[in-house]
Amino acid sequence: MESLSLSDCYELVVIDDIDKLLLKPANEEKIFFIINNQILSKKSSLITSTKELSLTDFNLNDLHSRLFSDKIYSISDLSDEDKINLMISRCSEKGLELSEKVLNYIINNCSRDLYFLCAFINSLDYASLSTKRRVTIPFIKQAIRNLSS
């Protein structure tokens, strides 16, 4: 009986943070096998990395060539201004009004991670609705204290 490969089961294989997986040289051959099977089966792969792969030392040249044989997109983090605009948009969707001063306070005193910022806006919306209070800097400070405890 033939052994099954991932490409027999999946149209798309996603490998997230490949740079972290490549810290263990033993993983290179496994990753190569997965990617090569997807290529041979004419199926898709999506691979992400937290750092540029060109800065990664490969022990397996074939893996290097497979990874660099297709499209590579670099996605930059949003600027603080873009993050504030995103928060404004999220607030607008919820009918939540935050002043520019409050938004700047959030950017300067909270994690700038997009997932965190969106979740924080959701929690502020819920908290302000349940307490029937406007979102002010003291309100934000209390929300941050609540997150810490």
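Thr-56 touches Leu-22 and Lys-51, leaving aside residues up to four places away in sequence. That is my way in today. Before I go on, one caution: this is a predicted model.

So where is Thr-56 found? Look in the loop between strand S2 and helix H4, which covers residues 61–67. Is Thr-56 buried or exposed? Its relative accessibility is 12%. Buried means under 20%, so Thr-56 counts as buried.

Now to the helices. Find H5, residues 80–94, and H6, residues 100–109. Their axes come within 10 Å. They cross at roughly 125 degrees. What do we call that arrangement? The crossing of H5 past H6 is right-handed.

Which residues make the contact? From H5, we have Asp-80, Lys-83, Ile-84, Met-87 and Ile-88. From H6, we have Leu-103, Asn-104, Ile-106 and Ile-107. Sort them by class. The contact of H5 with H6 has six nonpolar residues, one polar and two charged.

Stay on H6 for a moment. Which of its residues are buried? Val-102, Leu-103, Tyr-105, Ile-106 and Ile-107 are. And what covers them? The cover includes H5, H7 and helix H8, residues 137–148.

Next, salt bridges. How many are there? The count comes to four. I will show you three, including two that involve residues of the H5 contact.

Start with Lys-83. Its side chain meets that of Asp-77 in a salt bridge, at 3.3 Å from N to O. Compare the two partners. Lys-83 has a relative accessible area of 3%, so Lys-83 is buried. Asp-77 has 60% relative accessibility, so Asp-77 counts as exposed.

Now Asp-80. This residue forms a salt bridge with Arg-112. The closest N and O atoms are 3.0 Å apart. Where do the partners sit? Asp-80 lies in helix H5, and Arg-112 lies in the loop between H6 and helix H7, residues 114–131. The pair therefore ties together parts that are 32 residues apart in sequence. Asp-80 is partly exposed, with a relative accessible area of 29%. Arg-112 is partly exposed too, at 34% relative accessibility.

The third pair takes us elsewhere. Lys-43 forms a salt bridge with Glu-11, and their closest N and O atoms are 3.5 Å apart. This pair links distant parts of the chain. Lys-43 is in the loop between helix H3, residues 26–40, and strand S2, residues 44–47. Glu-11 is in the loop between helix H1, residues 6–9, and strand S1, residues 12–15. Lys-43 counts as partly exposed, at 21% relative accessibility. Glu-11 is exposed, with a relative accessible area of 57%.

You will find Leu-78 in the loop between H4 and H5. Leu-78 counts as partly exposed, at 32% relative accessibility. What does Leu-78 touch, not counting residues up to four places away in sequence? The answer is Lys-83 and Leu-114. Remember that Lys-83 is also part of the H5 contact with H6. Leu-103 is part of that contact as well. The C-alpha atoms of Leu-78 and Leu-103 are separated by 15 Å, and the two residues are 25 apart along the chain.

Technical notes:
Residues numbered from 1 in each chain as written. Predicted model: local features only at pLDDT ≥ 70, side-chain atom pairs only at ≥ 80, totals over all residues. Heavy atoms only, no water. Axes fitted to C-alpha atoms, helices over the stretch in contact; angles between N-to-C directions. Helix = DSSP H or I, 4+ residues; strand = E, 2+ residues; numbered from the N terminus. Left-handed = near helix turned anticlockwise from the far one by under 90°. Contact = heavy atoms within 4.5 Å. Nonpolar A, V, L, I, M, F, W, Y, C, P; charged D, E, K, R; others polar. Buried < 20%, exposed > 50% of the residue type's maximum accessible area, 1.4 Å probe, protein only.
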